[in-house]
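Please keep the sequence and the structure in view while reading.

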Amino acid sequence: MEPLATELRKWGLNVWFDRFELRVGDSLRESIERGLATSRYGIVVYSPAFLKKKWPRKELNGLFSREISGNRKRILPILHNLSIAELRKSYPIQADRYSLSSKVPLDELCRELIRVIKPELLELQELERRSFDSAEVFLKTAGTKYPNYEFSVYVANSSGKRIEIRSKVPVTSEDAPTINLRFLGEGVRKAMELLRTGKAQSWSSSEFTHLSSDIPFFPGPQEGMLLSAGPPVDPDPRAVRIEIEDAPETRFELMTMSVVRRGSEEGELRIADDSQPLSISLVNQFAENAEINISLSWRISGFQAGKCQRMLSFVDAALAGGRIKVTDLKGERPTITLPPIEGPAKSGSLDPNTRKLIALCAEIEERLKCTIIMRKNLTEDDIENLEILDSLLNGTESDRDASGTMSLTKGQYQQIDDHICQSTALALRMFLPVANFSGYFEVMGTRIKAPEWGYSAPCDVAVSENERRAFCEAKPGYATKMRVKSVGSGRFAWKA
């Protein structure tokens, strides 16, 4: 579901999805109710897991109630590893709807949903495609006719088509491209403000006159014209993908790039997303050297362990000299490759214990098929359960004392029976199953299902001479007490 929610956001839809919205301490019920109340549609993914869980059923009831009261289609169903016949057993009314299948390619699935949710996006995409096709012809012709200039054509939803023109060769003051115009009235004040602060300004056609230029394709004066000058700034946040050039596994598919600060000497861009722990700050200095300072920051608490681990991989790769690529998902801007980050001082650090904790939780997620949301503080139970899981998954040794008294039933372990009948003492590796295991570990509020487990350790085992004789002479099923003493490090292990 997360790839589907991410892809729909790339199209510009406002998507409520629990992993994007919920943070530690949030009320699950209130957040879901808010999502249902403010959403025009509900995409319901029917799966075997859906039919077993309580919350999805309650959400579906809420959507169905709104649909009935509003007399309009709100539920958009998708079948995932589930047949219509299986769905009909639990939801006969819902099974009569036409449902999409999760087996179709993700892009096609999104298109089918958007045809219902916001069909104008598909029409807009086709218009943009045609605009880009015509733009390619223009760029080829313009580049041939004016080889000293570089041309770019952008199509934006809000501002229409825009042509950017840059000089490709170094220029001197004698042959620099020029624009001549005269400002009037309020336009004079704006021009002075631009010179004084560097802050972008815009003039209407009534605030300037006598416009002329030797720059190719520069528009002449006309009624209703708007002239803008200042540092180039996108008015709206842009959806981008970021990745390390030589480490594709660190890719973040959907982030938002926006301007957070702009001035006469420098401006700052921020790349971030509320569902990801990583954020990147780009400070661009408007000087001859055009230096870009890059800094990375992160938030651990409230984010899934796997995402935090990927964030760590990204940070490490960037600090090791990897170049960060920023790709505009709408295809309206060229891909930017940022200069390498110079040293860890610009990006802070993460202590080894936190790194180890994140790596362990990410491994638990992957191998035990669960989701762990990281917390700032761990309880004693969290620490104990993580130590046990680390030993179970990785064979990490433990110094726990397994000494005590055990009951031995004759016939249960033939090898031990033979040893006991020969001697009152023996050394062996004992497996001590945990008592009263509930079937799950609880870590940071997440219940993690796991098979039965125990503690395996080298031990000295002893019985008295009388107990030994009675045990050897008894029939199978006879029980006696053994004294067990730990003689070295052990480890936790799954029950065979």
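## Cysteines

Cys421 is partly exposed, with a relative accessibility of 30%. Cys459, in contrast, is buried at a relative accessible area of 2%. Here buried means under 20% relative accessible area, exposed means over 50%, and partly exposed is in between (1.4 Å probe, protein chains only). A search of the whole structure finds zero disulfides, a disulfide being a pair of cysteine sulfur atoms within 2.5 Å.

## Basis of the values

The model is predicted: local features need pLDDT of at least 70, side-chain atom pairs count only at pLDDT 80 or more, and totals for chains, interfaces and linings use all residues. Residues are numbered from 1 along each chain as its sequence is written, and side-chain values use heavy atoms, with hydrogens and water left out.

## Aromatic pairs

A pair of aromatic rings is described by the distance of the centres and the angle of the planes. Rings of Phe, Tyr and Trp (its six-membered ring) pair if their centres lie within 6.5 Å; planes under 30 degrees apart count as stacked, over 60 as edge-to-face and the rest as tilted. The whole structure holds 13 aromatic pairs. In one of them, the planes of Tyr149 and Phe151 meet at 40° and the ring centres are 6.5 Å apart, so the pair is tilted. Both Tyr149 and Phe151 are buried.

Phe441 and Trp453 also form a tilted pair, with 5.5 Å from centre to centre and 35° between the planes. Phe441 belongs to strand 20 (residues 440-443) and Trp453 to strand 22 (residues 453-462), so this pair ties together parts that are 12 residues apart in sequence. Strands (E, at least two residues) are DSSP runs, numbered from the N terminus. Phe441 is buried at 3% relative accessible area, and Trp453 is buried at 9%. Ring pairs link Phe437, Phe441, Trp453, Tyr455 and Phe492 into a cluster.

## Charges over rings

A charge sits over a ring if NZ of Lys or CZ of Arg is within 6 Å of the ring centre and within 35 degrees of the ring normal. Arg310 has its charged end over the ring of Phe252, 4.5 Å from the centre. Lys410 has its charged end over the ring of Phe471, 5.8 Å from the centre.

## A loop residue

Where does Ala450 lie? Ala450 is in the loop between strand 21 (446-449) and strand 22, and is buried, with a relative accessible area of 13%. Leaving aside neighbours within four places in sequence, Ala450 is in contact (heavy atoms within 4.5 Å) with Phe437, Gly439, Tyr440, Phe441 and Trp494. Ala450 and Leu368 are 82 residues apart in sequence, and their C-alpha atoms are 7.3 Å apart in space.

Terms used: Helix = DSSP H or I, 4+ residues; strand = E, 2+ residues; numbered from the N terminus.
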